[in-house]
Number of protein chains: 2
Amino acid sequence: MGGQVIAISREFGSGGRQVGERLAEELGVAFYDKALIHLAVAKSGFDPITFEKAEEEAASKFLFNLAIGSCVSAGGFPHISVPISDQVFFAQAKVIEELGARGNCVIIGRCSTYLLRNRCLRVFIHGEAKDRLRRIVEEYGVTEAEARMAKIDRARANYHQHYTDEVWGAARSYDLAINTSYTGVDGAIRVIRALR
Amino acid sequence: MGGQVIAISREFGSGGRQVGERLAEELGVAFYDKALIHLAVAKSGFDPITFEKAEEEAASKFLFNLAIGSCVSAGGFPHISVPISDQVFFAQAKVIEELGARGNCVIIGRCSTYLLRNRCLRVFIHGEAKDRLRRIVEEYGVTEAEARMAKIDRARANYHQHYTDEVWGAARSYDLAINTSYTGVDGAIRVIRALR
C-alpha cells in the first residue's frame, strides 16, 4: 500500500494525537494537524483572526446558524453569500484534498476522514472517560478537565455533523475504531500497522 | 494475554461470522455462536419453541412491549412476572458469562460484547452496503437481500438497545471496530491478532 494516507479522528484525551504523530514517525511520512493545515490555508489569503472566529463558530451549532447573519459575499456571485466558517472549511478541505492526493501522510482532524474517504484508511481513536481525564490533566495540564472534555467532544461532533452526512464516533464512519483504554497507544499503532 | 476471550458483534453480511470462525480456528480456541449458546441454554430447561418465540419478540421493539402481556411468573416471586424473551436473555447471559469465565474462546452475538465488557476484547465488524449485499446473495443465498439486511440489522440494534445501555454500532461500545470493505476478512483477523 505505497503512498497510503491515514486520516484520524479522535475523542479529546484519547491519545489519538500521539498515535498519529508516532505512526507518522515510524512510517517515515508527513504528519498534518490543525496547526499545519491552518498554516497552509493561511497562504490562501485568510488571516489568523478570521480562522479563530471560524473555529469558534464551528464549535457551536447555535453559532453556525447565527453565522448566516455575518456572512460575506462569495467571489463572482454578488447575490450569494457564504458564512466565514464555511469559507474556512472549504479552504481547509482543498488543502486536505491536495495533501491526500500527494499521499504518504497522516492527517488528524478537520473532517479529513470524511474528505478523504475511499482514498485513505479512516481511523477513529477513543477511550474510557477515566483514562482520558487522567491524560488531559497529567499530560496536557488542562484544568476543569471533565467540562473541557465534554465541550471539546461536543464541538468535534457538531463540526463533523455540520459538514458531512456521517455521525461522528459511529463505527461505520471509519475503517478502524480503536479504544486506547484497551490497546494503549502502542497497541493502537500496532493495529493500524497490521493493515500495511 | 493467555485465556483471552474475544466477543464479536456484527452487521449482517459483513463477514463477521467468518472472521470469528477463522480467528477461533487460527488461535485454536472454541467458537460459540447463537446455535451453540441455544443448545447450552436449552439444557437449563427451555424448549426450542420458547426460544423461537423469544427470538421473534427480541427482533421488535413493539413486540418487546407487548411481551409484558404474555409474561410468566418468575420462580419464588408469585406476584412478579418476567417476559419469556427476558427469561431467555437472562439464561443466555448466564451461559455467556460462564463461557467467558472459562476463557480461551470467541463468542459471537447475543450482547456478548456487553455482557463480557472489561473481561474480553470487544469487536464490531461492519462493511459497506454494496459488499454486504454481494455476500448475502452470493455466499448466504438470501433473496430480497436489501430488505433482509435492513431488517436483521434493525433487529440486532433493537436487541442490543433493549438489554444494554450502549448504542449498537457506536465506536465507543467496542475496543475495535473494523470495516471489512477496507480490510477484507483476512485483514480483520490480522488486526485482531495484532493485539495478542
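Select Arg110(A) to start. It sits in the chain A loop between strand E5 (105-108) and helix H6 (112-115). Helices (H or I, at least four residues) and strands (E, at least two) are DSSP runs, numbered from the N terminus.

This is a predicted model: local features need pLDDT of at least 70, side-chain atom pairs count only at pLDDT 80 or more, and totals for chains, interfaces and linings use all residues. Residues are numbered from 1 along each chain as its sequence is written, and chains are lettered from A and ligands numbered from 1 in the order in which they are written.

Stay on Arg110(A). Is it buried or exposed? Arg110(A) counts as buried because it has 25 C-beta neighbours inside 10 Å. The cut-offs: buried means 20 or more other C-beta atoms within 10 Å, exposed means 12 or fewer, and partly exposed lies in between, with C-beta atoms placed from the backbone.

Now show Lys34(A), Ile37(A), Gln92(A) and Ile96(A). Arg110(A) touches these four, leaving out residues up to four places away in sequence. Contact means C-beta atoms, placed from the backbone, within 7 Å.

Finish on E7(A). It runs antiparallel to strand E7 (residues 176-179) of chain B, joined by 3 bridges; strands pair if DSSP finds at least two bridges between them. Pick Leu176(A): its bridge partner in E7(B) is Ile178(B).

Notes: Two residues are in contact if their C-beta atoms, placed from the backbone, lie within 7 Å.
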